[in-house]
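Here is a friendly walk through one chain, written for someone who likes to know the cut-offs behind each word. Please keep the viewer open as you read.

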Amino acid sequence: MRNKLLWLVSLGFFMQTLDSTIVNTALPAMARDMGESPLHMHSVIVAYSLAMAVLIPASGWLADRFGTRRVFMSAIGLFVLGSVLCALSPNLNLLVAARVIQGLGGALLLPVGRLAVLRAFPREQFIRAISFVAIPGLVGPLIGPTLGGWMVEFASWHWIFWVNVPVGLIGLLASARYMPAGENMQPRSFDLTGYVMLAGGMALVSLAVESMASGGVRSASALIMMVFGLACLSGYWLHALRKPEPLFAPELFTVRTLRVGLLGNLFSRLGSSAMPFMTPLVLQVSLGYSPMHAGMMMLPTVIGSMLTKPLVTRVIHRFGYREVLVTNTWVLALLIASFSFISPDVPVPLLIAQLGIFGAVNSLQFSAMNTVTLKDLLPHFASSGNSLLSMVQMLAMGMGVAAAGAVLAAFQAHFGMATAGDTLWAFRGTFIMMGLLTLAATLLFTQLPRQEQAGGSTAGPEQHG
């Protein structure tokens with residue numbers, strides 16, 4: 001029964017990670033069908049990531065209150081419903097709304113599934129069990145872009161969503177049989193006021209970033225949303241200081257590595273999270289690649305990431321977290337900016353090498369950031385610290401794509417989009433700006449103590465890089 005539970009949770013994780021990557025190569029085709037510019041399709045990705053970030057903090061409480069089986073099945077149901085609505089969406093606004101529903105389901109799949117594994121397996125077997133669950137997290141990004149490109153080229157973009165329906169139905173049937181009910185847990189009190197302020201603040205700040213480059217009324221509303229968003233986040237912090245059981249206890253932030261790791265995750269992911277969105281887009285819009293060819297060009301990034309994973313522990317033990325993160329962030333920023341040299345004249349083998357190196361450096365960055373964030377937490381803070389890290393990761397992914405979309409729109413207004421060459425210059429400027437945003441994280445990682453070594457756990461969270 002336990003092994004079947006692992007396969008079930010792996011299926012949910014696979015659905016979530018596949019959907020996070022399969023959409024990227026289909027954006028130009030969606031834009032054509034909906035009469036939109038491909039450069040304005042970033043809201044499709046932002047809506048999904050932001051919905052996940054908003055619901056993740058409540059995932060543990062929901063599982064305790066309603067049981068892991070009910071919540072996990074509800075997550076699959078929401079995900080399938082969102083997928084169907086995405087496939088049926090005739091315009092961008094409805095597609096974005098459907099992606100929100102899909103993201104709410106995706107937000108619960110991994111946290112609740114991992115909680116079920118934690119409760120079903122003894123501690124000495126948990127690491128091996130959760131490592132098995134993590135494998136689909138590598139397979140999803142590996143096949144997602146290519147599968148999405150193939151479906152767009154030989155069928156239509158709608159099939160990247162329809163494919164979730166049979167998989168989801170299998171997951172629902174398996175959940176009813178193999179997922180533990182988990183009904184006997186006594187849920188802690190839920191900080192609804194704090195949750196509303198935190199979720200509202202994240203949503204408003206992200207939407208403000210996305211609207212900044214629109215000009216006119218939307219640009220003015222972006223300023224108002226940013227102010228209200230920052231006010232909500234500040235209000236949550238003041239609320240948490242006096243609340244007996246807040247969502248995230250202020251004592252969490254007394255851990256230096258957690259503070260630096262969370263802020264570093266937020267800022268360094270702004271640039272790297274925009275790359276899966278921008279790279280297939282520039283290849284199709286400016287270089288004339290087919291959807292399938294553009295999807296296949298993302299394989300070197302995933303392969304580079306997978307090949308680097310076994311080296312992470314040795315590198316961190318040899319140099320320590322501070323040196324690795326400061327140096328690697330510089331390299332990552334330069335690599336992102338180096339894509340500004342992309343052009344039709346660049347040899348394909350050189351572009352493949354560039355993408356592979358980016359994947360390797362990005363993988364080292366994510367692994368080091370995740371482990372330094374959690375390694376010094378006390379056991380009773382481990383669960384909330386992990387949820388907080390997951391939330392920040394998803395928020396950074398959404399904000400990174402939103403920022404890239406805003407910058408891209410600004411450069412598009414400057415260079416125009418009459419020809420593919422005009423849009424290429426807009427992409428080049430955006431790659432440089434996203435590299436500079438990534439570089440800002442080096443100022444945060446210098447706050448790690450020099451003597452910080454990888455003495456803690458080097459097995460970071462498996463989700464989201």
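Buried means under 20% relative accessible area, exposed means over 50%, and partly exposed is anything in between (1.4 Å probe, protein chains only). By that rule, both Arg99 and Asp19 are buried. What you are looking at is a predicted model, in which local features need pLDDT of at least 70 and side-chain atom pairs count only at pLDDT 80 or more, while totals for chains, interfaces and linings use all residues. Residues are numbered from 1 along each chain as its sequence is written, and side-chain values use heavy atoms, with hydrogens and water left out.

**The whole chain**

The chain has 21 helices and 0 strands. These are DSSP runs numbered from the N terminus, H or I with at least four residues for helices and E with at least two for strands. Of the 465 residues, 56% count as buried. Taking contact as heavy atoms within 4.5 Å, residues 24 or more positions apart account for 84% of the contacts with a separation of 6 or more.

**The salt bridge**

How many salt bridges does the structure hold? There is 1, where the term stands for a side-chain nitrogen of Lys or Arg within 4 Å of a carboxyl oxygen of Asp or Glu. Arg99 pairs with Asp19, and their closest N and O atoms are 2.6 Å apart. The pair joins distant parts of the chain, since Arg99 sits in helix 6 (residues 92–120) and Asp19 in helix 1 (residues 2–22), 80 residues apart.

Helix 2 (residues 27–34) is mostly covered, with 6 of its 8 residues buried: Leu27, Pro28, Ala29, Met30, Ala31 and Met34. Gly35 follows helix 2 and has a positive phi, near 70 degrees.

The axes of helix 4 (residues 59–66) and helix 5 come within 6 Å and cross at roughly 125 degrees. Helix 4 and helix 5 are therefore oblique to each other. Leu62, Ala63 and Phe66 of helix 4 make the contact with Thr68, Arg70 and Val71 of helix 5. For the angle, axes are lines fitted to C-alpha atoms, for helices over the stretch in contact, and angles run from 0 to 180 degrees between N-to-C directions. Under 35 degrees counts as roughly parallel, over 145 as roughly antiparallel, 65 to 115 as roughly perpendicular, and the rest as oblique.

Leu81, in helix 5 (residues 68–88), is partly exposed because its relative accessibility is 43%. Together with Leu78 and Leu85, Leu81 makes a nonpolar surface patch of about 220 Å². Patches are made of residues with over 30% relative accessible area and no salt bridge, joining like charges within 9 Å and nonpolar side chains (Val, Leu, Ile, Met, Phe, Trp, Tyr) within 5 Å.

**Two long-range pairs**

| Pair | Apart in sequence | C-alpha to C-alpha |
|---|---|---|
| Ala181 and Thr68 | 113 residues | 5.8 Å |
| Val282 and Phe427 | 145 residues | 6.8 Å |

Ala181 lies in the loop between helix 9 (164–178) and helix 10 (192–211), and counts as partly exposed because its relative accessibility is 24%. Beyond residues up to four places away in sequence, Ala181 touches Gly67, Thr68 and Arg69.

Val282 belongs to helix 13 (residues 275–285). With a relative accessible area of 1%, Val282 is buried. Its contacts, leaving aside neighbours within four places in sequence, are Leu287, Ile342, Leu424, Phe427 and Phe431.

Key:
Accessible areas come from the Shrake-Rupley method with a 1.4 Å probe; for residues, only the protein chains shown count as cover.
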